[in-house]
Amino acid sequence: MSGFEPAISNPVEYIQHHLTNLSLGGKPESIADFSVIHLDVMIVSIVLAGIFAYFAKKIGSNIDPDNPGPIQNAAEMVVEFVDQQVQDIFPSADKMVGPVAITLFVWIIMMNAMDLIPVDLIPGLVAGVYGLFGGDPHHAYFKVVPTTNLDTTFGLALSVFVLIIYYNIKSKGLGGWLKGFFFHPFVAQGTGGKIALAVPNLLMTLIEEIAKPVSLGLRLFGNMFAGELLFLLIALMAFSVWAMPGQVILGSMWAIFHILVITLQAFVFMLLTIVYLSLASQTHDDH
Amino acid sequence: MNITATLIGQMLVFMVLVWFVKGVMWEPMLAAMNARKERIADGLAAAEKGLQDEELAREKALEELNKAKTEAAEIIAQAQKRASEIVEEAKGAATEEAGRVKAAADAEIEQEVTRAREGLRAQVATLAVSGAEKILGREIDAKAHAKALDDLAAQI
């Protein structure tokens, strides 16, 4: 690990280094560059998904209805909590909504929780390993928190968006769903009024629908990115010995507060998903 | 901040994860929890029913006990009646038997008396004949005087 320079030597570079992904295909050229894939995001999220899947399998195949062990109790608590939310918000939910909700909730919590790992630990290890193999540690990038990446949050939000469209078509039919774009939210009585309001209605409904995945994705991304950035700024305080206690205190406080953000953002994402799917399943007569 | 192919990768991972979690944990766990809920409800209902049954059984037992007591009293009364009847019967039979034994004894006594009298009479006839022989100094032909002797014996 000797190739390391102290972070404080160049704060801007330090932060930029930490905000750069380990990518395959170079740096993204445009706003949407599908020739690039962020390996660190994929590795961390797949490992976390694997851990989740492993425990799900382990718990699911050892269910003891009469004498639940501690792991099963904990899992039952989460399942019951999510199921309760689904029952409350979306009583006519089909069998897909619950699993989608619990997967979002648990997986987002796990990905967000990567924020609590000390900001330099894993990038440092990666840089060390990279250096051992003869690489330049300055070019060993690794962003640990998958949810500080727009791809992850929009991947989830777009999956939810696909489900919203699916539930819309399922409940209203393709024609009924498209018709809804022209006759809501402004309702006119006469034919002339209907024609006049069709374009504003279309614009309003399009914005309303597109705002759903965008707000879902940006809310999670914004919260986690800001949290990550704050951890990095606190880490910068290690520039001298007398600032160390301040770093420890601030870092601890922010980490404790961030536990709340981690779970809250996962919960909000899950809850809004259920709400959106519930809205999508309503027929126009319900309004 | 850019959108990259990672987006598609994350969507795929999410889809697979949802499918996997649904199959291995969500459905079996909800099924187990619902089964448990049902079993608890059934158990509570069974306990409630058991209490009611116990109450009913207790009432029934009390009823049976009262019935048995009444029956026992009836049986005792009947037995007492029958006992006094038997005693009466026995008393009657004993009186009758005693009367019969007494009658038989009386008849026997009568018979003995008659027999003794007959014997005596016969002896008296013999004595009378022998007495008359002595008086007359000669033998009396018993056959010749049989009628006279019988008359004499009958008078005794």
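Does A:Gln72 count as buried or exposed, and at what relative accessibility? In this predicted model, in which local features need pLDDT of at least 70, side-chain atom pairs count only at pLDDT 80 or more, and totals for chains, interfaces and linings use all residues, side-chain values use heavy atoms, with hydrogens and water left out. Residues are numbered from 1 along each chain as its sequence is written, while chains are lettered from A and ligands numbered from 1 in the order in which they are written.

A:Gln72 has a relative accessibility of 6% and counts as buried, a class that means under 20% relative accessible area, with exposed over 50% and partly exposed in between (1.4 Å probe, protein chains only). The residue is placed in helix H3 of chain A, helices being DSSP runs (H or I, at least four residues) numbered from the N terminus. Neighbours within four places in sequence aside, A:Gln72 is in contact (heavy atoms within 4.5 Å) with A:Ile59, A:Asn62, A:Ile63, A:Asp64 and B:Met29.

Contacts between the two chains involve 52 residues of chain A and 29 residues of chain B. About 3800 Å² is buried between them, 75% of it from carbon and sulfur atoms, where buried area is the accessible area (1.4 Å probe) that two parts lose on being put together, summed over both. Of the area that chain A buries against chain B, A:Phe34, A:Val79 and A:Asp151 supply 15%, more than any other three residues. One salt bridge is found across this interface, the term denoting a side-chain nitrogen of Lys or Arg within 4 Å of a carboxyl oxygen of Asp or Glu; a salt bridge joins the side chains of A:Glu76 and B:Arg36 (2.5 Å, N to O).

The largest nonpolar core has 64 residues, of which A:Val79, A:Val82, A:Ile102, A:Leu104, A:Trp107, A:Leu156 and A:Phe269 touch the most other members; such a core is a set of buried Ala, Val, Leu, Ile, Met, Phe, Trp, Tyr and Cys residues joined through side-chain atoms within 4.5 Å. Two or more residues each come from helices H2 (39–60), H3 (70–89), H4 (97–113), H6 (150–183), H7 (191–235) and H8 (244–280) of chain A, together with helix H1 (6–136) of chain B, and H1(B) gives the most, with 13 residues. Beyond its neighbours within four places in sequence, A:Trp107 is in contact with A:Ser45, A:Leu48, A:Ala49, A:Leu156, B:Gln10, B:Val13, B:Phe14 and B:Leu17.
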